[in-house]
Every structure is written in structure tokens, then in C-alpha cells.
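My notes follow the display.

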Amino acid sequence: MEDTITTVPLPRARSTDPLNLLDLDDDALRVLCGGPAFRVRQIKDWLYVKSVSSVAEMSNLPLEMRAVLSKHEVGRLREERREVSADHKTVKWLFRSEDAEIETVLMCYPKRATVCVSVQAGCAQGCPFCATGQSGFQRQLSAGEIVEQVLHAQRELGDSSRRLFGPDHVTNVVFMGMGEPLANYKNMLSALRRLHEDVGLSARSLTVSTIGIPDRIRALAQDAPPVTLAVSLHAPDNRLRDLLVPPNRRWPLREVLAAARDFAAAKGRRVTAEYTLIEGVNDSPAQALALAGLVGPLGMHVNCIPLNSTPDTSYRPSGPETVARFAAVLQDRGVNATVRQTRGRDLDAACGQLRARSRAAAEATRQRSQVTGAR
Ligand code: SAH
Ligand code: SF4
């Protein structure tokens, strides 16, 4: 399936450029290492289970094979910023990969460590309350760049000197960072498969969040293991959703919900509706009732998310009482509704914000140096 929503392709590697080993499938790895199938299994074990960061660490491979592989790279992400919350439960990274800035968040709980990965640098969908949507689309991330975010978090958790609170390995991955997963379908699907088959995460612990592209939701039901699907609704009617989630003009609620129903039927998995609560915009009891009417018959679970304010919009988060009332109306109507805890308030929790802040700082420095230069 071609990606028709975004048109900017991945930069093509020149034939002399080193390859990213995390972008190679089994056949490509076999050709590259020149060894039998068990060598490919060993290499993948080093890459995805032991999550090493260099070929030199692959100690059970013959020296000549290591020399060949060393001409290539184990991943491409360079850590530009790393911020840890005061309670040591949340880590947020800004990575650079060639021309792209990529945000990743690790959230630790007593028995769970969830990585929130980006699938695109920026996003073309333009949701007005989202920092990523405001900064526009830069490029697609490769499957290796998506998986590497999880491997990086895995190394962090495995390093006891980091003193993170929570398990010593990644248990869940949510595709809820920058970008629209179904607008980078092929690479996102390869990343899902690698996380499931090679890293060993269960399908249900992988969550794909989407604005809802009906054909691709149905394709995902065909192509992917039984992952968890979350659909970002944010409004109970098309008029409001056209504003909050602009792709709704092309794929209205009825079509998105029909595809969600088909996914649930194909996979036997309940689909989650995400609903970001914005003060005075989508948080009234009447809107909760209307939402219950839409999602109740489909057995969807609703995740109520208080908005994380971003600097460039006038949208404000609904207060805790409004959020609780909204969830209560849903529950009264028999809809399973939860309120998502927001994480890392001291860290610009919503994805896209660290990148936006880093860009604003770079711009301020540029302007300062222009002013100084003009003096
Ligand atoms: N593009 C996909 C996945 C990434 S966004 C999608 O939109 O579903 C992941 C979730 O975070 C979405 O539900 C999105 O609407 C929500 N989100 C974006 N900006 C937010 C903000 N400022 N506050 C709260 N939720 C936000
Ligand atoms: Fe893109 Fe999701 Fe942000 Fe909308 S909410 S702009 S789809 S990342």
C-alpha cells in the first residue's frame, strides 16, 4: 500500500553509505553477513534481545563477520537531550537521526514500563491542539528508527545506575508520539512485527493510536498481529471533529467507527476511543451523552485525556471536576471509561513539545546572535 497522505519520501541511502542494521530484514542480514540462517538468528538476538549498541559486542560471531558488519551501523539515533522527571518515573528524549528530530518518552510504573514512540518527524494532520501538528511534517521514520527508540529505552531500564523506578525491561509500546502511524503504514507495520517477533513483546502490549484512516485500519487487521487499536475521536459530531481532527473532513466519524468495528470483529479485541478534554470545547455532559451513543453500541472503551496545554494555542485543559463528570456520564450509560493520568508535567509531557521547545530555543539563539551581530 502506497502512503498517499504524506508525499515526502525517506532520504535514499547512496550505495556507499553504511546501512542501518536495524532496517534490514532476515534476507538482507543473511546477504550482508554471508553466513547461514543461525548467524542471522544470533545477530538478531544481539540487536533485539540483548539490545547492544555496537557490532563489537557480538562476541559469538566470527571476527571476519564482525569486521564486515562493523562497516554498518547499529542504529542511527543520537541523544540530543535527555530529561528525567524529579520522581525518576518518566524519561523524555530528543534524538537526532540525520536531518530528523525524534521524541520518545519512557513511563515507568511498578509493574509496567511503557515507551511512547514517534513514527514520523512532525505530522501532516494538523490537529490544532497538538504541538506536533502545529510544527508540520518533516519526514517518515524508517522501521529501524522506530524500533531503536524502544531499544534505547530498554538499555536505560537495564542500566541500574540510572535508578529508574519500575521494571528492568520494556513491557509496553504505544505508538502515540509524533506522527500518524497509519500514514507511515509500511514502516510502522515492520516495526510492529519486529517488536513482536524479535524483541518478544506480546501483541496486546503494542498499541497503535490513529486519527482513523478506514482502509488502513482494515489493512492493519489483516496484516498485523492482534495489537491494541486506539482511535482518536475527541468530538462526538463531525462539525466539531472537522475542527479538532482536520482529516475528519475526508474520513468522517461514521466511516472511522465502522472500520474500528471491523477491526474489533477481525481481531477479537476491544478498540479504545481516545478523547482529549478541552475546556468549553468538547467537555459538556451533552457531548458525553452523544459520545456514549456512538461508542456504546460498539463496545468501545473511552480513554479521557486531560489536554496538555501547548504554548501556541488558546485551548485549555478541562478541570478535574469536568473530566470526572464527563467520565461519569459515560459510565452511567454503560460505557467503560477511564481517565488517563498525565505524566511528566515537569517535562512538557505531550509529544512534540520538547522538540518545539528545542526549536524555539535555537530560534531565540539565532535571533540573539543576529541582534548581537548587528550591534
Ligand atoms: N497521530 C496519532 C498518534 C499520536 S498522538 C493520533 O493522533 O492518534 C497520540 C494521542 O495524543 C492522540 O490521541 C492525540 O490526539 C493526543 N494528543 C495530542 N496532543 C495532545 C495534547 N496537547 N494534550 C493531550 N493529548 C494530546
Ligand atoms: Fe498528528 Fe496525532 Fe498530533 Fe493530530 S494529534 S497532529 S494526528 S500527532
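For sorting residues by class, I count Ala, Val, Leu, Ile, Met, Phe, Trp, Tyr, Cys and Pro as nonpolar, Asp, Glu, Lys and Arg as charged, and the others, Gly among them, as polar. The model is a predicted one.

Entry on ligand 1. With those classes I read the shell around ligand 1 as 8 nonpolar, 9 polar and 2 charged residues. The shell holds 19 residues, and I noted the closest as Gly179, Ser209, Ser232, His234 and Asn308.

I then went through polar contacts. A polar backbone atom of Phe129 is 3.1 Å from a nitrogen atom of ligand 1. For Glu180, a polar side-chain atom lies 3.4 Å from a nitrogen atom of the ligand. Glu274 has a side-chain N or O atom 3.2 Å from an oxygen atom of ligand 1. I next looked up the area: ligand 1 taken alone exposes 530 Å², and the protein buries 91% of that. I also checked which elements give two or more residues to the shell, and found strand E8 (206-210) and strand E10 (272-277).

Entry on Asn248. I located Asn248 in the loop between helix H8 (238-244) and helix H9 (253-267). Is Asn248 buried or exposed? Its relative accessible area is 2%, and the cut-off for buried is under 20%, so I put Asn248 down as buried.

Leaving out residues up to four places away in sequence, I listed Asn238, Arg241, Asp242 and Leu253 as touching Asn248.

Terms used. Residues are numbered from 1 along each chain as its sequence is written. Chains are lettered from A and ligands numbered from 1 in the order in which they are written. This is a predicted model: local features need pLDDT of at least 70, side-chain atom pairs count only at pLDDT 80 or more; totals for chains, interfaces and linings use all residues. Side-chain values use heavy atoms; hydrogens and water are left out. Helices (H or I, at least four residues) and strands (E, at least two) are DSSP runs, numbered from the N terminus. Buried means under 20% relative accessible area, exposed over 50%, partly exposed in between (1.4 Å probe, protein chains only). Contact means heavy atoms within 4.5 Å. A residue is near a molecule or strand if one of its heavy atoms lies within 4 Å of it. A polar contact is a pair of N or O atoms within 3.5 Å; within protein, one must be able to donate a hydrogen and the other to accept it, and residues adjacent in sequence count only if both atoms are side-chain atoms. Accessible areas come from the Shrake-Rupley method with a 1.4 Å probe; for residues, only the protein chains shown count as cover.
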